Amino acid sequence: VVGKRCVILTWCFVPFLLLSVVLAAYPEDYWLYGALRECWLWALVRGCESGGCAFQKFGQWLSMRPDMMPPDVIRALTRLRQEVPEHSLSATRRVVREALGREIEEVFEWFEQHPVAS
């Protein structure tokens, strides 16, 4: 299970890592730097989105830390707070069933069909 998760996370973050190396190789005044930086930001957000909820939460937390990150990174990571796609109710039901061994209706008195937040 751990090996499979490592492969999945590697797949999620390879574009970000490769673009990090390329970006580090070029100075900021290079004519293609802005486009490379935008691709790098996209890969960072995409990696956090596809890496799972822990990476999404970490990205959300970083997006609220302007003392730690440059403004363009903050703007990009803000998408993780405002534009995160919701997962299906069937996925929630499956997770609750696997974790608790019971259906949602047996565990909760009331359960919102649509998520209120990410």
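Rings of Phe, Tyr and Trp (its six-membered ring) pair if their centres lie within 6.5 Å; planes under 30 degrees apart count as stacked, over 60 as edge-to-face and the rest as tilted. With that rule, a search of the whole structure turns up 6 aromatic pairs. Keep in mind that this is a predicted model, where local features need pLDDT of at least 70, side-chain atom pairs count only at pLDDT 80 or more, and totals for chains, interfaces and linings use all residues. Residues are numbered from 1 along each chain as its sequence is written, and side-chain values use heavy atoms, with hydrogens and water left out.

**Aromatic rings**

- Tyr 26 and Tyr 30 make a stacked pair, 4.4 Å centre to centre with 20 degrees between the planes.
- Ring pairs tie Tyr 26, Tyr 30 and Trp 31 together in a cluster.
- Phe 58 and Trp 61 are also stacked, because their ring centres are 5.9 Å apart and their planes sit at 25 degrees.
- Both Phe 58 and Trp 61 belong to helix H3 (residues 53–63), 3 residues apart, or about one turn of the helix.
- Phe 58 is partly exposed at 45%, and Trp 61 is partly exposed at 37%.

**How H2 meets H4**

- Helix H2 (residues 33–51) packs with helix H4 (residues 71–82) at an angle of about 35 degrees, their axes 9 Å apart.
- Helices here are DSSP runs (H or I, at least four residues), numbered from the N terminus.
- The axes are lines fitted to C-alpha atoms over the stretch in contact, and angles run from 0 to 180 degrees between N-to-C directions.
- Among the contact residues are Trp 40, Trp 42 and Cys 48 of H2, plus Val 73, Ala 76 and Leu 80 of H4; contact means heavy atoms within 4.5 Å.
- The residues of this contact divide into 10 nonpolar, no polar and 4 charged (Ala, Val, Leu, Ile, Met, Phe, Trp, Tyr, Cys and Pro count as nonpolar, Asp, Glu, Lys and Arg as charged, and the others, Gly among them, as polar).

**Cysteines**

- The count of disulfides (pairs of cysteine sulfur atoms within 2.5 Å) is 0.
- The sulfur of Cys 6 has its closest cysteine sulfur in Cys 12, and 12 Å is too far for a bond.
- Cys 6 is partly exposed at 44%, whereas Cys 12 is buried at 10%.
- For Cys 12, the nearest cysteine sulfur is that of Cys 48, 9.9 Å away.

Methods
Helix = DSSP H or I, 4+ residues; strand = E, 2+ residues; numbered from the N terminus. Buried < 20%, exposed > 50% of the residue type's maximum accessible area, 1.4 Å probe, protein only.
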